[in-house]
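Hi everyone, thanks for making time today. I'd like to walk you through a structure that may be new to you, so please have it open as we go.

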There are 2 protein chains.
Amino acid sequence: MLLVEGTRSTLFTDSRYTFQARKEVSGARIHIAKHGLLRAASEALRKRRGRLQVAYSPNQVTVTQKGTLQALAGSKVRWVRGGDVIERLRAVKDLDELAVMRQAAVLISEVFSGVVPKIKTGRSELHVAAEIEYGIKERGGSGPSFDTIVASGARSAWAHARPTAKQLRKNELVVLDHGAILRGYCSDLTRTVFLGKAPTRTREMYQAVLEAQEAAKSVVRPGVTAGEVDSAARHRLKRDGLAGYFTHSTGHGLGIEVHEMPRLGRGEKTVLEEGMVVTIEPGVYIEGLGGIRIEDDVVVTSRGAVDLTSASREFLEL
Amino acid sequence: MLLVEGTRSTLFTDSRYTFQARKEVSGARIHIAKHGLLRAASEALRKRRGRLQVAYSPNQVTVTQKGTLQALAGSKVRWVRGGDVIERLRAVKDLDELAVMRQAAVLISEVFSGVVPKIKTGRSELHVAAEIEYGIKERGGSGPSFDTIVASGARSAWAHARPTAKQLRKNELVVLDHGAILRGYCSDLTRTVFLGKAPTRTREMYQAVLEAQEAAKSVVRPGVTAGEVDSAARHRLKRDGLAGYFTHSTGHGLGIEVHEMPRLGRGEKTVLEEGMVVTIEPGVYIEGLGGIRIEDDVVVTSRGAVDLTSASREFLEL
């Protein structure tokens, strides 16, 4: 928990993190709380002079936590909802952050390339997911940025399937959605492959999703709304009668957390700014048949979207 | 989001989970929300007859979410803080849950045994963590229940260290804290090993931590408070002058989430009940020298604590 006051900041943590905080924290004083972070922060506030007005992050703080803060800090503090000020600060990345995010994106792209030879009939979804997460750590990532998705056959139509013991079989689509955390920043990459020679209909669907992704990327630039990017992907899929099978939004912000502002969804009014990092990930999901999703991470620049992920988008028939 | 009303329940989810919900959900109607779960739940409530009183889980719901619910449901609904009713329901496991948790605990114990031969000088902490998480998936677990901890040498004194590229060296302590999710339930196991022949002082510290763990386990039974269990571990460590180096609580509840009720901390008044599953994990951490922690998962029975984890607690000098 971080308390920011004028010219000083205090990080409240507990004794599990004493040594780590001493080593890793700069720019803030460290307070090791003995009886909970909320109590320590409230007591610190009570020691300040005069009446205070304190903004908190209502998107992070639960109703219970808010009640505890209010009770412990007493009438001295007037609590103000801070809106999404933290989320807005986070949405735009500085150059140091972009350098790390580029590395995290290249890392997961290399993990994908490395795992392709291991996507074989007879292997289980869990086995492939294990290879991916092993690869992330082998390349120095601290771990996956979310639960790795490996979904094959009919299960690939579940946009957020967790991997199971189901074995990969010939003539199946396989959706791989995976990300790495590197030095605190997330990447997020999806590729869809086919085991065997894909039917024409499947190849056409892949092409439509790929073009939808390119359409969405092509409108990304500062000043455009998140909803316009989403709409570009949807518009391309409509041409092939696939818009009804695109059952989620086109993307989301990415950074310290795997889902940050802005959400690239239908009608979203958030205006893209230079330095935002977002995923572009249209997909189509047909029950019984399977799903196809293609996802990259891009940074918003004055010249448009620049890819951070580097894996090939060619349709792989393995 | 689950809405429970008298004789019916409704699960609100979004279109990413349409097929999965259809396949996996029983005992609740499924509502695929188009414009957010909060909006869908609020609109459902507005369609009910008469005025309503609705309890919500204040430990889960953020201040922003509560505000949205209130605004969307309007004056028809009186919102009541549900306290920790959900957490209390979850704390006591039924026999089906205990059977799965036993399997999750045995799974992580086998993963530990399998990884021991791979804990070698020259390997990095990340490499060992990768082997652990690979092993979890190879044995059918859906993934780690939290970010795997592999902390060696001086870093083992960081109770919650994330694994790094640091290589394991001779004459170092290595703390391995790892857990698996199996069919939705978590396990959590810590073992500490030594690379080489350990100094007498280190062996004595290990013995003290092991005896502290046994002391804590021996007082576990229905009717005892969580604080009494914590106190038993602390009391044993005091005998060797180590109580000051035991910088966290003795354990926590375990189940669908890796941290559930009750917390086995200093002075905690929660009374243990039959069927609760808790971790027992005392540890000592000395800056510069390193840390030792030993953790098992136990179920509270009328005959006392019964181990769910099955890994040997013998001090391994590798």
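Let's begin with a pair of strands in chain B: β1(B) and β2(B), the latter covering residues 8-14, run antiparallel and are joined over four bridges. One example to find on your screen is Leu2(B), whose bridge partner in β2(B) is Leu11(B). Before we go on, please keep in mind that this is a predicted model.

How many strands does the sheet have, and in what order? It is an open sheet of three strands, ordered β1-β2-β3 in chain B, and its pairing is mixed. At the edges stand β1 (2-5) and β3 (29-33) of chain B; each has a single partner strand, so one side of each is left without a neighbour in the sheet. If we ignore direction, neighbouring strands here are turned against each other by 20° on average.

Now look for what packs on this sheet. That is helix α2 of chain B, residues 37-46, which touches β1, β2 and β3 of chain B. The direction of α2(B) makes about 125° with that of β3(B).

Which of its residues are buried? They are Ala226(B), Val229(B), Asp230(B), Ala232(B), Ala233(B), Arg236(B) and Leu237(B). These residues cover an arc of only 150° around the axis, so they lie on the same side of α8(B). The buried residues of α8(B) pack against α7 (200-219), β13 (260-264) and β15 (283-286) of chain B. After α8(B) comes Gly241(B), with a positive phi near 70°.

Chain A has eight helices and 18 strands, and its C-alpha trace spans about 75 × 40 × 35 Å along the principal axes. Of the 318 residues in chain A, 42% are buried. Among contacts in chain A with a separation of 6 or more, 65% are between residues 24 or more positions apart.

Finally, where do the two chains meet? On the chain A side 37 residues are in contact with 38 residues of chain B. In chain A, α1 (18-24), α3 (63-73) and α6 (125-138) each supply at least two residues of the side that touches chain B. The most comes from α6(A), with eight residues. By type, the residues on this side of chain A divide into 14 nonpolar, 14 polar and nine charged.

Key: Residues numbered from 1 in each chain as written. Chains lettered and ligands numbered in written order. Predicted model: local features only at pLDDT ≥ 70, side-chain atom pairs only at ≥ 80, totals over all residues. Contact = placed C-beta atoms within 7 Å. Nonpolar A, V, L, I, M, F, W, Y, C, P; charged D, E, K, R; others polar. Pairing = 2+ DSSP bridges. Axes fitted to C-alpha atoms, helices over the stretch in contact; angles between N-to-C directions. Buried ≥ 20, exposed ≤ 12 C-beta atoms within 10 Å, placed from the backbone. Arc of directions from axis to C-beta.
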